[in-house]
Structures are given as structure tokens and as C-alpha cells.
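Dear colleague,

Here is the structure I said I would pass on. My notes follow below it.

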Amino acid sequence: MEFKIGRNEMKKEMKLVFPEDLVCEPVLYRLGKDFSVIYSIKSANVTSDSGWVVLSLEGEEGEIERAIKHLEEKGVIVER
């Protein structure tokens, strides 16, 4: 789901599924530091061997797409 919130800004909601090797990595922390996006976690379930997070990303559309591409390249499954 996506929402326009300004001229160049938008908010996209998605589910991220993390494989075992990424569960203990600070993936969302790095996302907020390395990209000009704000994330808001709606719900999550994380165990020692897998995890999922439903969140929204807010920012410029191009920056959100760069952040999503980065997640996918790391091995996170992004369900839009």
C-alpha cells in the first residue's frame, strides 16, 4: 500500500521477511542511517532463526525504492 503525503514524499507499507543469517544484523538501523527514509514498525515476529516485520517507509519515492532494492540485495524478502 502506498500513500502520497506531499509533492515528492510518500509512504509505502510492506512486509519484510528475514532469513536466519540476517536476524541478528541491524538491518533496519542501517536503513535509517544509510537512506533518507523514516521507518515505522507496525508489527513484527522475530525468533532466533527467522523473522518478519510489517512497516511503513516514508520519504521521497526514489529514496524508498533505493532502500527497498538494498534490502532485496541483502537477501530480505520484500512483500509490497
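**Valine 27 and its surroundings**

Beyond the residues up to four places away in sequence, valine 27 touches Phe18, Leu22, Leu71, Lys74 and Val76. Please keep in mind that this is a predicted model.

Valine 27 belongs to helix α1. Its relative accessibility is 6%, so valine 27 counts as buried; the cut-off for buried is under 20%. Lysine 12 lies 15 residues from valine 27 in sequence, and the C-alpha to C-alpha separation is 18 Å.

**Helix α1**

Helix α1 covers residues 27-34, and its buried residues include Val27, Leu28 and Leu31. These residues sit on the same side of α1, because they cover an arc of only 95° around the axis. As background, an α-helix has 3.6 residues a turn, so residues three or four places apart point the same way.

**The core**

The largest nonpolar core contains 20 residues. Leu16, Phe18, Leu31, Leu57 and Val76 have the most contacts inside it. At least two residues of this core come from each of β2, α1, β4 and α2.

For leucine 16, leaving aside neighbours within four places in sequence, the contacts are Leu28, Gly51, Trp52, Val53, Leu55, Leu71, Val76, Ile77 and Val78. Leu71 and Val76 are also among the residues that valine 27 touches.

Regards

How values were computed. Residues numbered from 1 in each chain as written. Predicted model: local features only at pLDDT ≥ 70, side-chain atom pairs only at ≥ 80, totals over all residues. Heavy atoms only, no water. Buried < 20%, exposed > 50% of the residue type's maximum accessible area, 1.4 Å probe, protein only. Helix = DSSP H or I, 4+ residues; strand = E, 2+ residues; numbered from the N terminus. Arc of directions from axis to C-beta. Core = buried A, V, L, I, M, F, W, Y, C linked by side-chain atoms within 4.5 Å. Contact = heavy atoms within 4.5 Å.
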